[in-house]
Structures are given as C-alpha cells and as structure tokens.
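Here's a quick tour of how some pieces of this protein sit together. Have a look at the model first, then read on.

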Amino acid sequence: MTSSYWLTNVCLEKGYQFDNGMISGTKTENCHLLIDNGKIAEIMSANTMPENNLPRKDAGNLLALPSFIEKHCHLDKTLLGESWRAVRSAPTIFERFEIEKDSLKSLPTTTRERAKTLIDILLKAGSTHIRTHVDIYPEIGLENLEAVQKALANYEGKLSHEIVAFPQHGLLRTDCTKLVREAIRSGASLVGGVDPATVDGNMEASLQQMMDIAVEGNVDIDLHLHDSGQLGLATIKRLAELTEEAGWQGRVAISHAFALGDMNGSEAEEVAQMLSDLGISIITSVPIGGLIPPVNFLHQKGVSVAAASDNIFDSWSPFGNGDILERASRLAELFDRKTELELAETLGFITGGIIPLNKEGERVWPREGDEASIVLTDASCSAEAIARKVQRKAVFFKGKLVSGSL
C-alpha cells in the first residue's frame, strides 16, 4: 500500500450548536485528510481539492471517530467458533474454575483458532487496540499465552495489543508465581491477579507478590477485583499504598472494582482522590443488575475509567458480541448520559479519553500529527454514534484500511 494518500470527504466534528446557552447539537464539516506514514499530516476543507497526484480514498461523508480500545477481554477463553452452549451452574467461583478447565480442554477447535475468530470481530467493530488477559496455571503452563501470541501475530500492522499474565485460579492458591514471571519474560506486558482476599486467601501476600513481579519485570498491573464492601475497598486502598511505595503511579488498573459501588460520603471522596492522584484506572464491563463503579462520579473526580467487554461467549457468560461501541452505549444508558455533551463524552471511555470536541466545542481530534487510526461511521456526530450504536463502514489502523471498505 502507498504510504501517502488523501482520505477525501471525511465528516469531522467542528463544534457545538447552542440554544439559549445550552448545547443543542453538533456542527460538522467536510474535510480531506492527508495520510502520510500512518499519521494525519494535513487537514483541509473539502471546498479545496488536493493539488498533488497522490492516491485518493473517498470516505463518502462518513463521520470519523478515533478508533476504539478493547481494554479487557479473554482471547483464550472464548467459545466463538464452537456450537452453542449456555453456562453451567456453579455455586462457587472455584467450581467455575474447574468447569472452565474441563470445557476448554475438550474442545475440537484450538485456542488460537477461537482467538482469531474473536479478534476479527473486535476489529470489525472498530477496536484497533486489544488488552487480553491470558490464563496462567500449572496444568496449562504457558500454552494459552503462546496460542494467543500466535493468533495476534497474524494481525501485525492491523492492530496493537497488550497481554496480561493472569493467574485466574489464584496467584498463591495455585503457586504459579514462577509461571507468571516466565510469562512476563515470554512477552506478557502486564501482570494480573484475582480477588487477593477471597481467592488467594491472603490479601497482603497476594498483592505484595503481584507488585513484586510487576517491579521485577517492569510491567504494569491489571487486577480483577470482584470483592465488594469493605473487603474490596480495603484491597483497593492497600493496592494504592503499594502503588505509591513502588513508584508505580499510572501503571495500575483495577478491573470490575465492584466495591467502589459501595462507597458513600467522605469515603467516596477520599478513595476517588486517591485513585486520581495515583493514576489508578478503573475498567468496567458495565454489568447489568449488579454492583458497578460509579462511573460519572469517578470521571468527575479525574479517575481514568474505561468500558470493556470482558467475557464474550465463554464458560462464564453466554453473552457478549465484541462490540465495544455497544458496551459504551450501555454505559451511557445505565448512567443516564442523555445530552449531546454527555453522550459525546462517553466515547472517551472506549478511546483512552480521546474525543473529537472538548466541553467548549473546540476540536481536539483529529489534529495534524495524530495517528491515523480511525473508524468511519454512519452517524451525524459522536452522540448519535453512542446512542444509536451505528454501523462502522471502515476501520483504519495507522493509515491502513484494516476492516470494511470504501
């Protein structure tokens, strides 16, 4: 593919419309983008045609959005590509572990094949960055990691990714700290953990071991934390202390973090400030009917929040379709984000905070020099894209068309 070309007739958000001082809509303009070596090198009005003879791709006035980030999935767990099956009942999380292990080892398809099926779906939906957790436990060793790495290798130049070495069955409980360290040496870029108090049975030792592995390997942390109430909050506070002690600010994420839904009053203010100060991010799969972190409150307090899919048709859930825009729409609905501004800002939960306009209606994306990772959508504005879960016609990663067509 030619490294330089014009992406013509692209609809970009230009600013907000106001009625009596209130935002009533979004202004757009038709533009041409010069794509050069994976970057947006120039933005010009569509009223002027490029004078050079570079190749052109006509976007057909589709709305450009920054491409999406799938911040939490499990490429090694999915049953996509297999025949339908509902989830079997499991009274405890430990029984769920065993059901999953037995189920996965009996499948006729390989982990690599199923991972590829899910990656294709994620990419088509607009995600050009994937963070996947990969189970590490004694019976399987690094097999899942290697299979997922091989699957992702086929998408070189089409997306970026991170792999979390995830001791699903307990870091201490399964005595797999050596395996997790080996996974880090073998290419995993984050270390994970799960419910240090209830799965591992020792919050302090589990958190300390996880942090030690992260520091030794110079990798980030992404902890699954389902524990609610004061137990979950105590875990969050202790992880925050360890984060500060290790100098790991900006390098720690907590997935699920249900306990944050139990906060109130001064404790909520204190915990939110702590998370913001230390750059600890919260990742939610936006579950229906259960505890969920107070997304609006955390966002207002400067805490980085991301929406993610988590389980996509596996032994834990028969639901999920890999469409992160749909998940963002669910978040907006659950948290009553209905206005033009609130809906537009919701996009930031699946783009790493990148949105086309700031609150004042000034364009902040795209700018010349930005990476040309773009989703072209059949929408009039970001707010409509979120609310209506619109079709994605084409996906670009660093200037390369990686899904869809023009």
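## Two helices crossing

Helix 6 goes past helix 7 in a left-handed crossing, meaning the near helix is turned anticlockwise from the far one by less than a right angle. Helices here are DSSP runs of H or I with at least four residues, and strands are E runs of at least two, numbered from the N terminus. The touching residues include Leu-233, Ile-236 and Ala-240 of helix 6 and Val-271, Met-274 and Leu-275 of helix 7, where contact means heavy atoms within 4.5 Å.

This is a predicted model, where local features need pLDDT of at least 70, side-chain atom pairs count only at pLDDT 80 or more, and totals for chains, interfaces and linings use all residues. Residues are numbered from 1 along each chain as its sequence is written, and side-chain values use heavy atoms, leaving out hydrogens and water.

## The nonpolar cores

A nonpolar core is a set of buried Ala, Val, Leu, Ile, Met, Phe, Trp, Tyr and Cys residues joined through side-chain atoms within 4.5 Å; buried means under 20% relative accessible area, with a 1.4 Å probe and protein chains only. The largest core has 94 residues, and Leu-260 and Leu-275 are among those touching the most other members. Helix 7 is its top contributor, with six residues.

Apart from that core lies another of 17 residues, including Tyr-5 and Val-10.

## Helix 1

Which residues of helix 1 are buried? They are Arg-96, Phe-97, Ile-99, Glu-100, Lys-101, Ser-103 and Leu-104. These buried residues pack against helix 2 and strand 7.

How values were computed. Buried means under 20% relative accessible area, exposed over 50%, partly exposed in between (1.4 Å probe, protein chains only).
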